Structure formats: structure tokens, C-alpha cells
Amino acid sequence: MTFSIQNMASQAKQAANVVATLSTETKNRVLMTISANLQAHTTKILAANQLDMKAAKENGLSESMVDRLLLTEERIIDIAKAVEHIASLPDPVGLVTKTSRLPNGLNVSKQRIPLGVIAMIYESRPNVTVDAASLCFKAGNAVVLRGGKEALHSNLALADSIHQALEQFDIPLHAISLVPDPDREIMNELLTLNEEIDLLIPRGGENLIRHVSQNSRIPVIQHYKGVCHLYVDQFGDLTKALNILVNGKTQRPGVCNALETLLVHKDVVKQFLPVVAATFAEKKVRVHACEQAIEYFDNADLATDLDYDAEYLALEIAIKVVDSYDEAVSHIQRFSSGHTEVIITQDISLANQFIRQINSAVVMVNASSRFSDGGELGLGAEIGISTSKLHAYGPMGLESLTTEKFVVLGDGHTRV
């Protein structure tokens, strides 16, 4: 029988009506069962992942993509713990966020409700299958998951563990659907199903997200790339700056909250860049530097605008010396992707000015860009990061997977 994405989406829409009415207790019990299943089925999941890893190496996937694809016993335990943590989070569904009594006696409130059906289109990270399924389900939504072909075996094994939990609680399996065929034409058809799907969240490379955004009839949460900046001000603590730079660039370079550009005020260049050069040489970080900075680095390339616009996702960085705070802000405003920007300064008034002037989703003062993550910012797990200013901006947790409706209580009121 030929697979139909239209049928899957229609069944997800029906299942969404069921999920929206589930009690918090039931949703949490399902999530705890999913967590237990993942750990019980570790051997099966790892075997499936090895099929994907073998194909990835044969097809020459990049080192960062292979790292995202890899599952280990430890990573499966972490995924299972993340599901348990989602179960422990407050349920946003039904939460009354605002209440007022109007002069005419009407009581008006706003109440959080599920979005309905959410479609996720993502690439090589199989953990997204579980994270997205768990977050959407806890927020009362159905979800259609379309992972990349490079993680198909892993995703199918993970989805099987999820479906077994749904079956145990007599919940429609289409509450959490995984597209079993990664054919691009099926994905393109998915983008047209605005009658069945309420929101689309793509996660992956810039080309994927641009394709989805340009071809979708469904509202899209966008995150094209993460060009995260670190500006070291003349009033910055250079020890803090080095630690934050190294953490942001080298701890895990293949993620979207890794640093991609370093801006340094001219007054601290002589003290700071020699230390940076020695550290980057030790850690094998490739450097693209401006004319003022390049003399401090061996084998550096002269930076161009393309370098300042790049999301490297590797041990690679662009560096520019700026004459002033204003020049740093102008550079960030020109090249920002709207993800995360960091300033290192001990000048409180300047820090506050930076916070006001920079409108990226996350703005940090004297802290690593690696904290730009739902879990690290207190949301629990995240389904993604939005750099489009829709109802959600920045890391998206449970609350971002709901919307609000007005509830009006009257006593026979009529409008004059």
C-alpha cells in the first residue's frame, strides 16, 4: 500500500482532539513509560543507529553531522531522562494567564490551549524525534515527525518505543506520527497541508529551512542559522573573556549556539589576542582575521564579509578588531542571524545599552553563548530555537507549543 502523507496528517488532526483533552496525570504517565521503553530497548535502538552510522560514513557526512547522528548508551539514558524531566514540568494547558473584570461586569480571561497539529522537519539528530514527540504531547498537541534519511533507522526504532507507550494507554498512534519515507516529494506535499497542520518547525541546515519557509503554506518557525557573536569590550575582564570564548567556540563547535565571530575592542587587542592565538593554536581552531588582527595568528586567513556571515559549525572562527562599542554593535546588527550575542564588560551602563540595542533572541552579559538553550534557561527541554519574531522567539519550551484563547463569563450580557 502506497504511503500517504495526507492520510497521516488527517489522522494526526483527529488524534489531536484526543490529546488536547488528556489529563496532566495521564500525559505524565505516558511520558514516564516512553522513558522506560527507551532504556529497555537500548540494544535495539543502538543496532538501528549503527546502520545509520555505517551509511553516514560511506556517504561522507561531515564530522559535525556524524556527531549529531551518533547514539550511545549514555546518550539514550540522557534522552530518557529528558523525557522524565518533561513529565515533571508544569502543564501549560488550561493555564489562565490574565483575568480582568470589565466595567460592564463581564469577566474576561486568557487561557492556554494546544496549537493542534505540529509538523517537525529535521535532519540528522535522532534525539529530536523523542524531544519533539514528548514536548508536543505534554503541551496537548499531535505531532508529525519527518526526520532525515540519514537517521531513518534510528528514528523508526525510537518511534516504536514511543508507540508502544501510546498503545498501553489506548491513545491513537497518530498522536505521534513518524513519516517512514524520507522522499523529498513527500516532504514537499507535507508543506501544503495547511488544513491539517497548524505549525511547522524545521530544524537543520540553512538550505533546508529556506526551502521549507519558501514553499510552505503552513506558518513556519524559522531558524536559518546561528551566527553568534562575542564582543570583548575595553572594560571587559579578559580572563572571563578567554574562558567564555573557549567555551563558546570549542566545547561543542557543531551546535547552533557555538560562537562564530569574535569582536575585540582596539584598546585590549595587545593584551588579549596573543593569549587567544596561543589557545586557538593548541585547540587547532582555524582563524579568519581582519587586517588588524591577522598579525597575531599563524596561518590565519584574511577575513571577508562572507566569513563574518558564516555559520562554521566547526573549529573555525572569524575575528575583527573594532575601534569602538558603536562599531561592534553596528557589525552585530549587520551580520546577526538573530540567535545569540554576548558582551564581555564590567561597565554596567554599557551592558544595559547592549541589551537595549541588540534584539537577537538571546542577549548575554559575561556568560557563554552555550547557555542559549531551553534546558539551560530553565525551560526544561526545547523543541528548537526561533529567530523569527512570531509568538515564540528564542529557545522554545512547552509554553511556546501552546496559544491563548479568550474566555468571557457573563450573566445574560448583551451588547448595546
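Me: At what angle do the axes of helix H2 and helix H7 cross?

Reply: This is a predicted model in which local features need pLDDT of at least 70 and side-chain atom pairs count only at pLDDT 80 or more, while totals for chains, interfaces and linings use all residues. Residues are numbered from 1 along each chain as its sequence is written, and side-chain values use heavy atoms, with hydrogens and water left out. Helices (H or I, at least four residues) and strands (E, at least two) are DSSP runs numbered from the N terminus, and axes are lines fitted to C-alpha atoms, for helices over the stretch in contact, with angles from 0 to 180 degrees between N-to-C directions. The axes of H2 (residues 24-40) and H7 (residues 152-168) come within 9 Å, and their crossing angle is roughly 140°.

Me: Which word describes the direction of H2 relative to H7?

Reply: Angles under 35 degrees count as roughly parallel, over 145 as roughly antiparallel, 65 to 115 as roughly perpendicular and the rest as oblique. The axes cross at roughly 140°. H2 is therefore, relative to H7, oblique.

Me: Are H2 and helix H6 roughly parallel or roughly antiparallel to each other?

Reply: The axes of H2 and H6 (residues 127-138) come within 10 Å and cross at roughly 165°. H2 and H6 are therefore roughly antiparallel.

Me: How many charged residues does the contact of H2 with H6 have?

Reply: On the H2 side the contact includes Lys 27 and Leu 31, and on the H6 side it includes Phe 137 and Lys 138. By class there are five nonpolar residues and three polar ones, and the charged residues number two.

Me: Which strands stand at the edges of the four-stranded open sheet?

Reply: Two strands pair if DSSP finds at least two bridges between them. The order of this sheet is E5-E4-E3-E6, with parallel pairing. Each edge strand has a single partner strand, so one side of each is left without a neighbour in the sheet; these strands are E5 (176-178) and E6 (199-203).

Me: Which residue of E5 is the bridge partner of Val 143?

Reply: Strand E4 (residues 142-146) is joined to E5 by three bridges, and the two run parallel. The bridge partner of Val 143 in E5 is Ile 176.

Me: Are the residues of strand E7 buried or exposed?

Reply: Buried means under 20% relative accessible area, exposed over 50%, and partly exposed in between (1.4 Å probe, protein chains only). On one side of E7 (residues 228-232) lie Cys 228, Leu 230 and Val 232, and on the other His 229 and Tyr 231. Five of the five residues of E7 are buried.

Me: Which residue of strand E8 stands opposite His 229?

Reply: E7 and E8 (residues 259-265) run parallel and are joined by five bridges. The residue opposite His 229 is Thr 261.

Technical notes. Contact = heavy atoms within 4.5 Å. Nonpolar A, V, L, I, M, F, W, Y, C, P; charged D, E, K, R; others polar.
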